[in-house]
Amino acid sequence: MPYCDIGTLESPSPSFSAASVVSDDSQLNNDLKIFYRTYGRGPTKVLLIIGLAATHDSWGPQVIGLTGTDVPNNDTCSGDGDDDNECGGGIQACAFDNRGVGRSSAPVNKSDYSTQIMAKDAIALLDHLGWKKAHVFGHSMGAMIACKVAAMVPDRVLSLALLNVTGGGFECFPKLDRQTVSVAYRFLKAKTPEQRAAVDLDTHYSQEYLEEYVGTDKRRTILYQQYVKGISASGMQSNYGFEGQLNACWTHKISQTEIEVIQSAGFLISVIHGRHDIIAQIYYAKKFAERLQPMARMVNLHGGHLVSHERPEEVNQALFDLIKASEVKMSPHEWTNLPTKQSWWKEKRMLFVRTDIQGGSNVSMKFCLLQKLHHCLIYFFGLLILAFEYARKLLKNLKPVRVGNSSS
């Protein structure tokens, strides 16, 4: 099995979920290891970083689209690095399990999880593969990690694709409505592959897509069976792995200095998003893309959080466009489709002078206040969920003490 050795954990801890399928050599002397697969051959290298609670298999449609195969290299041809083999075409892709999920190590302590730490895992994997430069594509939490990689080693990034990304922190909270509250509750309660599969479908895809018929069956039925099979094969994610990755999302932040490093590096960026995503709201993706001007292009697709599965052809085409534009060294101003940024004073002036013709009220001012109120409600709702989960675990750990009868 292909593993990248990241280092050794400071204190002994069980590194894998007991339910996971793991080889005997995956954990030696408490080593922290990252499981990966490579696909295809060629001079163009693509590193695929997956999101929260997902394994490398989630990149399936992109692996096939980019390399032309879904068979790992170690099963068909040997060797990694920079050699240009004809096997699989002109692109070689690497997908891996982040720490905390799948066959990679899962440290117990939350302090061992952050997007910066996980970015160092990805950089160590680039070193292990012998890839000096690569196109770095990330989905959701993986896109947050990809941003950190780009800020830490900008000279090794050829282009950056951010799928269903947000800026982290409170932006990770879904839109506050009845559907998402129900999904969040079911997700926390899911203990079996069947329960997890059912809630994952509502989390990953738009309802319209799930209700479509494929032959005589609804797509929901077909995907449910595939999800149960996949989760049963890889095992449920450990609690500490999930909580660690969730902590990485919650604490994630890209500073203005990091934004400037990414902007000045010169590589092109594609921000790809499903407009019906209930997990990562497209509003935040657009705002983040605007921060990356003029290097970024916004690709708005009809789909949910897993738009890479729901609209694979369109996503793959957007990725090919990014690779091609990078290879021909397209100008950022030709690449971007975002409106030109206005000065701070002009933006503020336009905000306050835009008025409602009928009522004379400041519509933009009201919208701004309502938006800030919405953000506050999302923040406090998130704290409420965390407090509820903490209290539930605390009560579960409390055991009544039996006092025996004293003999006189």
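**Group meeting: a walk through one predicted model**

Ala53 is buried, with a relative accessible area of 18%. Buried here means under 20% relative accessible area, exposed means over 50%, and partly exposed is in between, using a 1.4 Å probe and protein chains only. The model is predicted, so local features need pLDDT of at least 70 and side-chain atom pairs count only at pLDDT 80 or more, while totals for chains, interfaces and linings use all residues. Residues are numbered from 1 along each chain as its sequence is written, and side-chain values use heavy atoms, with hydrogens and water left out.

Back to Ala53. Its place is the loop between strand E3 (44-49) and helix H1 (60-67). Helices (H or I, at least four residues) and strands (E, at least two) are DSSP runs, numbered from the N terminus. Phi of Ala53 is near 65°, which is positive although the residue is not glycine. Most residues other than glycine have a negative phi, and most peptide bonds are trans.

Lys329 also has a positive phi, near 55°, and is not glycine. Lys329 sits in the loop between helix H12 (312-327) and helix H13 (332-335). Is Lys329 buried or exposed? With a relative accessibility of 72%, Lys329 counts as exposed.

As for peptide bonds, the one from Gln293 to Pro294 is cis, with omega near 0°. Pro294 belongs to the loop between H10 and strand E10 (296-301).

Next, the interior. A nonpolar core is a set of buried Ala, Val, Leu, Ile, Met, Phe, Trp, Tyr and Cys residues joined through side-chain atoms within 4.5 Å. How many residues does the largest nonpolar core have? There are 75, and Ile49, Phe137, Val149, Leu162 and Ile269 have the most contacts inside it. Helix H3 (residues 141-152) gives the most to this core: 9 residues. Another core lies apart from it, with 11 residues, among them Leu201, Tyr205, Tyr209 and Leu306.

Take Leu162 as an example. Contact means heavy atoms within 4.5 Å. Not counting residues up to four places away in sequence, Leu162 touches Gly138, Ala143, Ala146, Cys147, Ile269, Ser270, Val271, Ile272, Phe288 and Leu292.

Phe288 brings us to helix H10 (residues 282-291), where Ile282, Tyr284, Ala285, Phe288 and Ala289 are buried. Seen down the axis of H10, these buried residues fall within an arc of 155°, so they line one face of the helix. The arc is that of the directions from the helix axis to the C-beta atoms.

A charged residue next. Asp121 is part of helix H2 (residues 115-129), and counts as buried because its relative accessibility is 3%. Leaving out residues up to four places away in sequence, Asp121 touches Ile6, Ile34 and Arg99.

Now two helix pairs. Axes are lines fitted to C-alpha atoms, for helices over the stretch in contact, and angles run from 0 to 180 degrees between N-to-C directions. Helix H5 (residues 193-204) and helix H7 (residues 219-234) have axes that come within 9 Å and cross at roughly 130°. That makes H5 oblique to H7; angles under 35 degrees count as roughly parallel, over 145 as roughly antiparallel, 65 to 115 as roughly perpendicular and the rest as oblique. The residues of H5 that meet H7 include Pro193, Arg196, Leu201 and His204, and those on the H7 side include Arg220, Tyr224, Tyr227 and Ile231.

In the other pair, H1 and H12 pack at an angle of about 50°, with their axes 10 Å apart. H1 and H12 are therefore oblique to each other. Pro61, Gln62, Gly65 and Leu66 of H1 make the contact with Pro312, Val315, Asn316, Leu319, Phe320 and Ile323 of H12.

Where is Ile279? Ile279 lies in the loop between strand E9 (268-274) and H10, and at 24% relative accessibility it counts as partly exposed. Leaving aside neighbours within four places in sequence, Ile279 is in contact with Glu171, Cys172, Phe173, Pro174, Thr203 and His305.

Met1 lies in the segment before strand E1 (3-8) and counts as exposed, at 51% relative accessibility. Met1 and Asn74 are 73 residues apart along the chain, and their C-alpha atoms are separated by 8.6 Å.
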